[in-house]
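Here's a quick tour of one model, strand by strand and pocket by pocket. Have the viewer open while you read.

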Amino acid sequence: FGSFNHYLIPYSLDTSVFRFYNRKSTREILNLPKDKLIILFICDYISDKRKGFDLLAKALDSVDKSRIHVCIVGSNFDPDLNIPEYTYFGKVYDEFKMALIYASSDVFILPSREDNLPNVMLESLCTGTPVIGFSIGGLKDIIKTGINGVLIDDISSEALATAIKGFINGQWVFDNKKISDFHREYFSQEKQVKAYLDIFKC
């Protein structure tokens with residue numbers, strides 16, 4: 001297809017739902033601790049090795065557990081894993097509740113070994129929550145270290161642990177409202193529709 005024009009149109013979201021919320025309020029609604037850094041992991045099937053929950057579990061072994069609370073969304077979670085203080089939501093089908101979970105979190109960890117442009121990354125960014133993930137697929141097109149998250153070159157639990165420790169220790173400071181505003185515009189349904197219409201007009 002080298003002789004044809006190529007167009008890149010990212011996915012869109014309902015940005016009236018996935019938007020910036022007050023973190024203190026969302027934590028009160030979800031009954032989450034107010035004095036901890038909340039680390040979020042989301043996956044349909046947590047046991048799917050491609051999604052990398054095993055890498056996160058191992059990375060957390062070397063993190064100061066007294067400072068963090070882990071929120072987990074998805075099915076097939078093994079409670080016998082050595083995860084520090086956590087809240088397990090199971091599968092969440094309500095978009096508004098999902099948006100509140102993102103907004104209550106300080107950082108979303110996306111440790112996939114392989115992925116495309118995961119919706120969970122877009123949803124997190126639209127709520128203003130930065131993303132830590134490996135430099136794969138669509139993540140490397142969206143995540144800018146120090147701006148909206150942290151991109152990790154080496155796919156390993158050690159590299160992931162280093163990034164998480166850096167975040168906990170304040171190595172990067174993020175403007176959550178700015179992250180939300182930028183990505184709500186970038187991934188808006190209106191922008192996606194206009195992009196398709198512009199192609200058809202060519």
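## A strand covered on both faces

Strand 2 has both faces covered: Ile68, Val70, Ile72 and Gly74 are buried on one side, and His69, Cys71, Val73 and Ser75 are buried on the other. Buried here means under 20% relative accessible area, with exposed over 50% and partly exposed in between, using a 1.4 Å probe and protein chains only. That's 8 of 8 residues in strand 2. In a regular strand, side chains alternate between the two faces of the sheet.

Helices (H or I, at least four residues) and strands (E, at least two) are DSSP runs, numbered from the N terminus. Ile42 has Val73 in strand 2 as its bridge partner.

## How the model was handled

This is a predicted model, so local features need pLDDT of at least 70 and side-chain atom pairs count only at pLDDT 80 or more, while totals for chains, interfaces and linings use all residues. Residues are numbered from 1 along each chain as its sequence is written, and side-chain values use heavy atoms, with hydrogens and water left out.

Zoom in on Leu60: apart from neighbours within four places in sequence, Leu60 is in contact (heavy atoms within 4.5 Å) with Ile39, Lys65, Ile68, Val70, Ile83, Pro84 and Ile164.

## The largest pocket

A pocket, on a 1 Å grid over the protein atoms alone, is an open set of points where a 1.4 Å probe fits, with protein on both sides within 12 Å along at least five of seven lines; lining residues have an atom within 4 Å of a point. The largest pocket holds about 480 Å³, the space filled by probe spheres set on the points, which are joined across faces, edges and corners. It has 24 lining residues, and Ile42, Cys43, Asp44, Val120 and Glu123 are the closest to its centre.

Strand 1 (37–45), strand 2 (68–75), helix 3 (95–104) and helix 4 (119–126) each supply at least two lining residues, and strand 1 gives the most, with 4.

Note on methods. Two strands pair if DSSP finds at least two bridges between them.
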